[in-house]
Amino acid sequence: MPNYTVTVATGTQWFAGTDDYIYITLVGSESCSERTLLDKPLYNDFERGAVDSYDISVGEDLGEIELVKIEKKKYWVHDDWYCKYITVKTPYGDYVEFPCFRWLVDDKEVILRDGRARLPQHAKTRVAKQHRRKELEQRQKTYRWKEWHPGFPMSIDAKAHSELPRDIQFDSEKGVDFVLNYSKAIENLYVNQFMHMFQSSWGDFADFERIFMRIKNTISEYVMEHWKEDFMFGYQFLNGCNPVVIRKCTEIPDKFPVTQKIVEDSLERGLTLEEELKEGNIFIADYELLDGVTPNSTDPCTLQYLAAPICLLYKNIQNKIMPIAIQLLQKPGEDNPIFLPSDDEYDWLLAKIWVRSSDFHVHQTVTHLLRTHLISEVFGIALFRQLPAVHPVFKLLLPHIRFTIAINTKAREQLICECGLFDKANGTGGGGHVELVQKSMKTFTYRSLCFPEAIKARGMDSKEELPYYFYRDDGYSVWEAVTSFVTDVVDIYYDKDETVQEDTEIQAFVKDVCSFGMQDFDYCEFPKSLQTKEQLVEYLTIVIFTASAQHAAVNFGQLFLGMYPDEHFIEKPVKEAMAKFRKNLAEVVKVIKSRNEGKKLPYYYFSPDRIPNSVAV
């Protein structure tokens, strides 16, 4: 009688173990085993972090093991169980791995394919084809699109985190981390004591200093010491938290009537303004998106205001970016003066503060929320809807959308909802942030997610012209490392362009992103299909880079790029590609660390050892 050994690994998450009955069925190409009870709850081994083996005797040879079916039945009350993987040892001594990394909830069964990744056109047996189809049919019922606000990217159909599918909820540890980190941040920043000031006028700079100095490190202390100075103001456009607004200025716009006479005292090379423009020494930051956005009016006793400034910047002879003119509104006129460094000290400082305030609103709502969180959620929902777990792209992208849908749902539930934290502490709260996303969507394109193209489109690609743009330089390095890794993986599964074209599941994934996730907006130019391996590599690089590196550059992270604790891939060539990827990332870390040595303002946001795998915070 053939004997099979089944090894089961339980997750390490809190409450991952179970006392419920666990049944397993082995489905082979020749036959299938009977429904086998692995253990009785009284003697249950399915504890958190446990790895247990069981011998199963069957009446006949099952042939090649194609599927493993897992069932969980209630003992006293249902408790969820997290299964990491199952390994089956055949009577011939072969080991077949079945990655799971899923929660078993209630009485629902889970059916696993072995860990080898396969494209849909390579599924030959009826069982394999049927399994792919049923898995996606069930996922499409579970992961549904919903429009949170008109003009937004689509999001998950869930009003609260508790309504999400169990597999994409925060595990218990992550949920506790979210609460503790939120509470710790509030405590560290004295936000509770200063919350009243977010909806009232600040009396003096000392209020700001008392909050800021709660963040104790060398960089924060240096910034606090120099924050009023023009060089620090300019530096933040290049290497601060929102380094994507500044662009090279080749022509002064009519709405910003800056002349040679106005700025000649700031020009250091003896050239005219027109000559400086031609030399590539003039840059501009335009916050036109904020024009017409409704200021926060949730507190009727407090008037709040928004500016839509334009700031002209100049690369001086020391290669520092310095502000030389600021206009706070879009339409020029006597009531909308152009502020200059030669103005009264506090007039000029307040003009810069208005620009920085506007930069904050664009950063939080557009650069951060829309262009990393919301777009990553679109990719994540489409991934679950259109790619089965056996697909190599599902295995590749899953770590990079981990907890993204959960954190976004939490944000819609607590932060950016009506009466949420945005309404209490943000000048665009009360609906202005919604307007800002809606306006931004009208200029949001697929190509703008391609890092090298986005840099070039702003005229910021020349290292010779702009030597201290570390966001650009480090971003290029990480983009190239991700591209190389994705290319290696794609080459393993796609031998030619036609293989991409014949992959019905990857085509459905791409179309779902465009037609549903981005609501088929004509101006977004997201592709509805992919024709070549090169296009597939770029698409996957965009997904990974946006969710990991780009989010890290405009936020902060805790789960590092290149680290894959859940082993969805079992193939040796992919593991070798991962090892090569980690090696390339380590070189990037080394270069960045060497460059930062001795700098008072080191830039490390793109350092791979500080880049989270996904948008999870």
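Student: How far apart are the end C-alpha atoms of helix α17, and what span should its 14 residues have?
Tutor: They are 18 Å apart, and at 1.5 Å a residue the helix (residues 504-517) should span 20 Å, which agrees. The expected span is 1.5 Å times one less than the number of residues. Helices here are DSSP runs of H or I with at least four residues, strands are E runs of at least two, and both are numbered from the N terminus. This is a predicted model: local features need pLDDT of at least 70, side-chain atom pairs count only at pLDDT 80 or more, and totals for chains, interfaces and linings use all residues. Residues are numbered from 1 along each chain as its sequence is written, and side-chain values use heavy atoms, with hydrogens and water left out.

Student: OK, where is the kink in α17 centred?
Tutor: On lysine 511, with a kink of about 25°. The bend at a residue is the angle between axes fitted to the seven residues ending there and the seven starting there.

Student: And what caps its N-terminal end?
Tutor: Aspartate 503 does: one of its side-chain oxygens lies 3.1 Å from the backbone nitrogen of glutamate 505. After the helix comes glutamine 519, with a positive phi near 55°.

Student: Is α17 mostly covered or mostly open?
Tutor: Mostly covered, with 10 of its 14 residues buried. Buried means under 20% relative accessible area, exposed means over 50%, and partly exposed is in between (1.4 Å probe, protein chains only). Among the buried ones are Ile506, Phe509 and Val513.

Student: What covers them?
Tutor: The cover includes α1 (126-142), α9 (345-386) and α18 (533-553).

Student: New topic: how many disulfides are there?
Tutor: Zero, in a search of the whole structure. Cysteine 100 is in none; its nearest cysteine sulfur, on cysteine 83, is 4.1 Å away, while a disulfide needs a pair of cysteine sulfur atoms within 2.5 Å.

Student: Why does cysteine 100 count as buried?
Tutor: Because its relative accessibility is 6%. Cysteine 241 is at 42%, so it counts as partly exposed.

Student: What does cysteine 83 stand opposite?
Tutor: Arginine 102, in β7. Strands β6 (residues 81-89) and β7 pair in the antiparallel sense over eight bridges; to pair, two strands need at least two DSSP bridges between them.

Student: What's between those two strands in the hairpin?
Tutor: Five residues, and in this hairpin glycine 93 takes a positive phi near 90°. Strand β7 (residues 95-104) is mostly covered, with seven of its 10 residues buried.

Note on methods
Contact means heavy atoms within 4.5 Å. A polar contact is a pair of N or O atoms within 3.5 Å; within protein, one must be able to donate a hydrogen and the other to accept it, and residues adjacent in sequence count only if both atoms are side-chain atoms.
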